[in-house]
Amino acid sequence: MNAEKTHFQPVYDQDKNILGIWISPQLWAKVESAVSDTFDIALEELSPQPKKELVEPMKDWDMLAQYWDWAYPMPMDVHCKQCGAETPDWAKDEPRKFRLCSATLAGLVNFECLGCRSHIIKKHFKKHVDVECRPFLEK
């Protein structure tokens, strides 16, 4: 059997319609890095995914803002230490750089960086703000 049939074969149904192409693991290992980006682009064109709307708990944010009584103005800036993304006012960005994930009356606010998916946690205390940046981890 020649090498082409061993590593690359069209697959047909009973009516001789092509169903797909079978590629051996050895051939895939050799071409994967060269064709992966092309496959991703082609798959997006064949099955475009609708843009996900940013779902943010704005009612929680608004409640925190409504009851804000601390000595400093409500900070709107967000900075991601993982990828360097930053904004002076996350709510005014278009397109958004950060998504509000949660906000509590106690002053705990959690953002997701839309660049690298890290989480930025802002802990608001009476006289200061502690900021923590946690890198995104695959589950």
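Which residues have the most contacts inside the largest nonpolar core?

## Core

They are Trp61, Cys80, Phe98, Leu100, Val109, Phe111 and Ile120, in a core of 18 residues. Such a core is a set of buried Ala, Val, Leu, Ile, Met, Phe, Trp, Tyr and Cys residues joined through side-chain atoms within 4.5 Å. Buried means under 20% relative accessible area (1.4 Å probe, protein chains only). Helix H3 (58-66), strand S5 (98-103) and strand S6 (108-113) each give two or more residues to this core. Helices (H or I, at least four residues) and strands (E, at least two) are DSSP runs, numbered from the N terminus.

## Basis

This is a predicted model: local features need pLDDT of at least 70, side-chain atom pairs count only at pLDDT 80 or more, and totals for chains, interfaces and linings use all residues. Residues are numbered from 1 along each chain as its sequence is written, and side-chain values use heavy atoms, leaving out hydrogens and water.

## Aromatic pairs

The whole structure holds seven aromatic pairs. Rings of Phe, Tyr and Trp (its six-membered ring) pair if their centres lie within 6.5 Å; planes under 30 degrees apart count as stacked, over 60 as edge-to-face and the rest as tilted. Trp61 and Trp90 are edge-to-face, because their centres are 5.1 Å apart and their planes stand at 90°. Trp61 lies in helix H3 and Trp90 in the loop between strand S4 (86-87) and S5, so the pair ties together parts 29 residues apart in sequence. Trp61 is buried at 6% relative accessibility; Trp90 is buried at 0%.

## Helix H2

No residue among the 22 of H2 is buried.

Note on methods. Buried < 20%, exposed > 50% of the residue type's maximum accessible area, 1.4 Å probe, protein only.
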